[in-house]
Amino acid sequence: MSIAPLIELKNVSRAYKKNGARAVGVSNVSFSVQEGEIIALVGPSGCGKTTILRMIADIISPDTGSVVYENRSINHARITGLIGYVPQSPSLIPFRSVVGNIRLPLEIKGTPDASRVEELVSLCALEGFENYFPSELSGGMKQRTAIACALACHPRVLLMDEPFAALDEMIKEKLNEEVLRIQSALKTTIVYVTHNIEEAVFLANRVVVLSPEPGSVVGIIPIDLPLVRDARLRTDPRFFQETIKVRNMLKSI
Amino acid sequence: MKKTLSIFLFICAFLFLWQLIENAVDYHRIENDDTSIELFIASPHTIIKTFVVDGGVILSNLGYTLARAGGGLLLGILLAFVVSIVFLFFPTVRNIGFPFSFAMNSFPIVGFAPLIILAFGQGSWFSIVFVSMIISYFPILVGLDSSFRNVSKDILEVMRVFNATQKQMLFKIFLPSAIPGFLTALRLAIPASIIGATIGEWLGVRTGIGQLITVAMYQLRPGLLYASLISVTVAGVICVGILVFVEKKLLVWKQ
């Protein structure tokens with residue numbers, strides 16, 4: 001591709017402490033993310049998927065290598081509000097209602113705009129739940145709210161860390177379709193971490209396959225499926241072929 | 001309602017039995033030319049009589065005690081907030097400071113109070129308030145500190161991605177998150193502040209329930225002693241009751 005990437009990871013490594021000893025979590029990872037695409041990071045647990053995502057979110061820094069956003073440091077992108085982050089467990093503020101939670105990032109930015117909150121409520125299909133507290137919501141509804149929060153300040157990149165891992169299969173499939181719907185409406189670039197091959201293939205334009213301990217890139221598989229996708233795709237033979245490609249690469253590790 | 005009624009009936013039965021036993025023992029002692037037990041252990045009848053006769057004195061002294069306890073509690077809350085916020089943003093200070101707070105709490109207050117009273121002067125209002133502050137500060141510090149530390153790591157990371165300032169983190173995340181912990185700590189701190197004020201008064205001034213208890217003891221007036229203790233206990237229970245009510249109104253999101 002000739003277009004300059006939106007995000008680029010260049011030989012990124014990061015160690016962590018395991019029982020007091022240093023262990024390499026992620027080693028020499030390089031890949032790029034194009035504007036508007038959905039890229040899925042897939043690998044067995046302990047392969048550093050979350051670590052990579054946290055580095056792209058600028059929550060932690062790489063020990064060596066760099067994460068670059070349009071030729072500037074990722075730190076700059078985070079500070080200017082270009083990044084939205086949805087962690088694994090719903091990170092909602094327990095004492096704020098759904099609307100209050102969605103308003104929080106806007107308050108932090110200094111633009112608490114009621115019409116924007118309404119927009120997000122309808123975008124994430126949260127109508128009727130506006131005044132519920134997180135403790136009154138189902139897991140799926142919590143994650144919808146978390147996505148609305150992450151999208152509040154118009155980020156160009158949405159980072160999602162196994163957001164639906166704790167949900168049952170039916171709701172997960174529904175929410176995957178929602179993610180595609182939201183993405184096609186907003187054209188947000190998405191980096192999606194998952195250990196579920198079907199989920200990765202269903203969502204992504206490209207799948208980055210990672211090997212465990214230390215986490216490194218085994219290969220990047222372009223997903224040869226139509227860009228506009230819906231639930232019917234799950235029963236399409238081409239969908240199975242693509243999952244087999246990913247599965248085989250994971251098996252070869 | 002049924003629960004309240006059964007508690008009420010239990011107390012009535014208890015008082016009735018107490019009065020009955022005391023009457024019987026006293027009858028026996030006076031028969032044998034011995035002193036009345038009423039001089040050492042008050043009967044419910046005497047306590048009620050004391051409330052009727054000396055009610056004004058008890059109430060005015062209770063007012064002093066509650067004012068000092070309230071002052072101590074407020075100062076304790078203020079100190080605990082300042083210290084816990086410093087601990088939150090400066091972990092090194094916390095590492096050094098927290099053991100000190102623990103040590104301060106382990107120090108027996110009865111031994112500590114004379115030091116403070118000596119330092120601020122006998123009869124000084126502030127010394128009593130200070131004793132009360134010292135004793136009520138610790139539960140609030142622990143409550144706030146653990147609430148701050150229990151804020152989910154995921155929330156903090158999301159806040160970082162949102163580029164929230166430390167001030168925003170404090171006012172939008174940490175302080176509101178600490179409200180339940182703070183209210184729970186208050187349940188301990190309110191009675192503690194009253195204990196602190198009473199001990200301080202016992203040693204240091206001529207007013208307040210603490211002083212009334214001392215006077216009652218030396219003058220062999222158990223009725224006044226019991227009535228003072230009951231009044232201060234009831235005041236503490238009422239304060240905590242109000243707190244529980246406020247808690248329910250405030251924490252709707254906790255279900």
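This is a predicted model: local features need pLDDT of at least 70, side-chain atom pairs count only at pLDDT 80 or more; totals for chains, interfaces and linings use all residues.
**Strand β3, chain A**

I looked up which way the side chains of β3(A) go: Ile38(A), Ala40(A) and Val42(A) point one way and Ile39(A) and Leu41(A) the other, and all are buried. Buried here means under 20% relative accessible area, with exposed over 50% and partly exposed in between, using a 1.4 Å probe and protein chains only. Strand β3 covers residues 38-42 of chain A, and five of the five are buried, so the rest of the structure largely encloses the strand. The strand and helix names are DSSP runs counted from the N terminus: helices are H or I with at least four residues, strands are E with at least two.

Residues are numbered from 1 along each chain as its sequence is written, chains are lettered from A and ligands numbered from 1 in the order in which they are written, and side-chain values use heavy atoms, with hydrogens and water left out.

**Neighbours of β3**

Which strands pair with β3(A)? On one count, β3(A) and β8 (residues 189-194) of chain A pair in the parallel sense over five bridges. I also found four bridges joining β3(A) to β9 (residues 206-211) of chain A, again running parallel. Two strands pair if DSSP finds at least two bridges between them.

I then picked out single partners. Ile38(A) is bridged to Ile190(A) in β8(A). Ile39(A) has Val191(A) as its bridge partner in β8(A), and Arg206(A) as its bridge partner in β9(A).

**The whole sheet**

I traced an open sheet of six strands in chain A, in the order β6-β7-β8-β3-β9-β10, with mixed pairing. β6 (83-86) and β10 (216-222) of chain A are at the edges with a single partner strand each, so one side of each has no neighbour in the sheet. From one strand to the next, the twist averages 15°.

Next I checked what packs on the sheet. Helix α6 (residues 169-186) of chain A touches β3, β7 (157-161) and β8 of chain A, and its direction makes about 165° with that of β8(A). Helix α8 (residues 237-251) of chain A touches β3, β9 and β10 of chain A, at about 165° to the direction of β10(A). Touching, or contact, means heavy atoms within 4.5 Å. Axes are lines fitted to C-alpha atoms, for helices over the stretch in contact, and angles run from 0 to 180 degrees between N-to-C directions.

**A hairpin**

I moved to β1 (residues 7-18) and β2 (residues 21-33) of chain A, which run antiparallel and are joined by nine bridges. Arg14(A) has Val26(A) in β2(A) as its bridge partner. The hairpin has two residues between the strands, and Asn19(A) takes a positive phi near 50°.

**A helix pair**

How do α3 (residues 98-109) and α5 (residues 139-151) of chain A pack? Their angle is about 25° and their axes are 7 Å apart. That is why α3(A) and α5(A) are roughly parallel to each other; the cut-offs are under 35 degrees for roughly parallel, over 145 for roughly antiparallel, 65 to 115 for roughly perpendicular, and oblique for the rest. I listed the contact residues: Val98(A), Asn101(A), Ile102(A) and Pro105(A) of α3(A), with Thr145(A), Ala148(A) and Cys149(A) of α5(A).
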